[in-house]
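Open the model in your viewer and keep the sequence panel at hand.

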Amino acid sequence: MSDQNDAYGFLAGGGEMGALMRAYDWQGSALGAPDGWPQSLRLAIRLMLHSRQPMFIWWGSDLIQFYNDAYRETMGPAMHPAALGAKGRECWADIWSIIGPQIDYVMLGRGSTWQDDQLVPINRHGQPESVWWTYGYSPIDFEGAVGGVLVVCSDVSDKHRYTQELQSRTERLGQLFEQAPGFIAILRGPNHVFELTNASYRKLTGRDEASLIGKPVRDAVPDAGGQGFFELLDQVYQTGEPFVGRRVPIELQPDEKTEAETFYLDFIYQAIRESDGTISGIFVEGQDVSDHVLAEERLTLINGELQHRVKNTLAMVQAIANQTLKPVTDREPVETFEKRLFALSRAHDTLVQENWSQADIRIATSSSLSAFGVADRVAVKGPSVELGPNAILSLSMILHELTTNAVKYGALSVERGHVSITWEVVEKEDGPFLQFDWQEREGPTVVKPEHRGFGSKLISRGIDGTGEVALDYAPSGFAAHFTAPLSALTRV
């Protein structure tokens with residue numbers, strides 16, 4: 001018994017696989033009893049059993065198999081423990097076309113092999129599974145030749161899948177970078193050498209990728225020189241402070257055959273900082289807003305012409321009215337008509353300044369009151385609210401009528417009287433509503449008028465003819481309360 005223990009001593013320990021090897025009937029195998037195995041094989045098995053690295057051995061012409069606990073963990077029930085002592089070609093018949101030539105290469109004494117991230121399917125649970133391995137085959141010497149193959153390997157499937165996923169994400173990000181509607185470029189170093197550009201950047205500069213990548217910006221886009229852009233890049237690189245440009249003009253001429261063209265850009269130069277805080281480059285991103293700028297210029301021109309024509313039209317209406325109403329002896333209705341024309345003209349001026357889109361209620365209120373010289377006696381309070389052109393015109397005319405009445409008969413007709421104008425946006429079930437209030441204080445005793453004139457009818461219609469109007473003729477001071485859905489008042 002002692003002699004057998006000495007002969008099998010190289011199989012001592014080794015965990016589960018050591019125990020299985022000691023219990024295996026080697027006497028009935030082609031190798032015979034372990035005490036007759038070559039010393040090189042014994043040393044290789046001893047090394048393998050006590051290693052935590054997955055290892056495998058093929059020995060002899062039949063490629064008899066040995067493996068350790070670490071390798072066992074990479075196998076499934078379809079392979080383990082049947083693979084121990086089995087013949088290699090029979091055990092791995094389904095992948096022999098992959099590993100067979102590599103094993104033959106080593107067995108023929110040609111040297112070692114190494115495979116990195118290699119797909120070698122394994123039948124772990126009755127069917128092949130895709131498994132990626134990094135592994136090497138090395139010779140085990142025997143009597144001046146190669147007696148077997150030692151395999152040192154790692155299952156890198158998780159790493160492979162992670163790498164593939166990372167690569168896929170990187171490719172996707174690259175596609176998004178290239179297809180981004182805004183222009184993007186990455187510049188490196190103090191000379192601002194192009195590292196990356198996207199299609200929009202190349203289209204803007206009129207240059208292809210080969211003309212930009214690897215070249216300093218001053219060499220690659222010389223036509224941008226003398227316009228301050230290179231100096232801005234230097235400043236951002238030196239200070240680390242970003243620069244944001246809005247509607248900045250730039251003239252570009254890629255070559256002598258192309259006419260110079262002016263573009264307007266919204267852009268940012270952002271310093272790229274490394275983990276240690278040093279600046280290594282500049283990230284450039286922006287939009288070509290030339291179409292917007294030119295459209296705004298055209299719109300401004302059109303609005304200026306429109307304003308001129310509206311003023312001329314209103315002036316013509318006033319002239320016609322003066323000539324037509326000249327015989328009228330009672331001048332008060334004529335003056336009232338003229339003042340209403342002026343109020344309409346001021347409302348148009350407010351809208352022209354905002355390109356006839358929307359205007360702030362505060363601007364419309366201030367403009368309406370300015371003609372009466374009573375600003376110091378009118379308290380105005382409310383948030384910024386953008387109203388559409390129809391609502392602005394309507395509100396301006398309402399304020400004109402309210403102020404006219406207050407100056408003639410109400411709180412502003414006496415020195416102590418004053419007016420409070422307030423508004424707010426309130427949420428209701430049907431959505432947001434504008435509440436606009438006019439309140440007179442300390443004026444003459446209020447008496448409800450018996451007849452309704454044009455002004456009263458205009459006020460009673462409400463702002464832009466929508467919502468509700470409540471007129472309060474309390475003796476202490478007249479009040480008008482307007483409520484209308486904001487969605488109706490903001491329509492352009």
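Predicted model: local features only at pLDDT ≥ 70, side-chain atom pairs only at ≥ 80, totals over all residues.

## First stop: a strand pair

Select A271 and look across to β12, where its bridge partner is I282. Now widen the selection to strand β11 (residues 261-273) and strand β12 (residues 279-288): nine bridges join them, and they run antiparallel.

Next, bring in the rest of the sheet. It is an open sheet of five strands in the order β9-β8-β12-β11-β10, with antiparallel pairing. Which strands stand at the edges? They are β9 (193-197) and β10 (243-252); each has a single partner strand, so one side of each is left without a neighbour in the sheet. Ignoring direction, neighbouring strands here are turned by 30° against each other on average.

## Zoom out

Show the whole protein chain for a moment. You will find 17 helices and 19 strands in it. Of its 492 residues, 42% are buried. The chain exposes about 26900 Å², and carbon and sulfur atoms supply 52% of that area. If you display contacts between residues at least 6 apart in sequence, 55% of them join residues at least 24 apart.

## The other five-stranded sheet on the tour

Now select β1, β2, β3, β6 and β7. These five strands form an open sheet in the order β2-β1-β7-β6-β3, and the pairing is antiparallel. β2 and β3 (113-119) stand at the edges with a single partner strand each, so one side of each has no neighbour in the sheet. From one strand to the next, the twist averages 20°.

- F56, whose bridge partner in β2 is Y67.
- W59, which stands opposite I64 in β2.

Then show the side chains of β2. Which way do they point? I64 and F66 point one way, Q65 and Y67 point the other way, and all are buried.

Centre the view on W92. Leaving out residues up to four places away in sequence, what does W92 touch? Its contacts are F56, W58, Q65, Y71, M79, I99 and I122.

## Two helices side by side

Return to α2 and α3. They pack at an angle of about 145°, with their axes 9 Å apart. On the α2 side, the contact is made by M17, G18 and M21, and on the α3 side by I45, M48 and L49.

Select V217, which lies in helix α10 (residues 217-220). Is V217 buried or exposed? It counts as buried because its relative accessibility is 4%, below the 20% cut-off. Leaving out residues up to four places away in sequence, V217 touches N191, H192, F194, P222, F230 and L233. Draw a C-alpha to C-alpha distance from V217 to N191: the two are 7.3 Å apart in space and 26 residues apart in sequence.

Last, go to N405 in helix α15 (residues 389-408). With 29% relative accessibility, N405 counts as partly exposed. N405 touches G410 and I459, again not counting residues up to four places away in sequence. From N405 to G455, the C-alpha to C-alpha distance is 8.8 Å, while the two are 50 residues apart in sequence.

How values were computed
Residues numbered from 1 in each chain as written. Heavy atoms only, no water. Contact = heavy atoms within 4.5 Å. Axes fitted to C-alpha atoms, helices over the stretch in contact; angles between N-to-C directions. Helix = DSSP H or I, 4+ residues; strand = E, 2+ residues; numbered from the N terminus. Buried < 20%, exposed > 50% of the residue type's maximum accessible area, 1.4 Å probe, protein only. Pairing = 2+ DSSP bridges. Areas by Shrake-Rupley, 256 points an atom, 1.4 Å probe, with all protein chains shown as cover.
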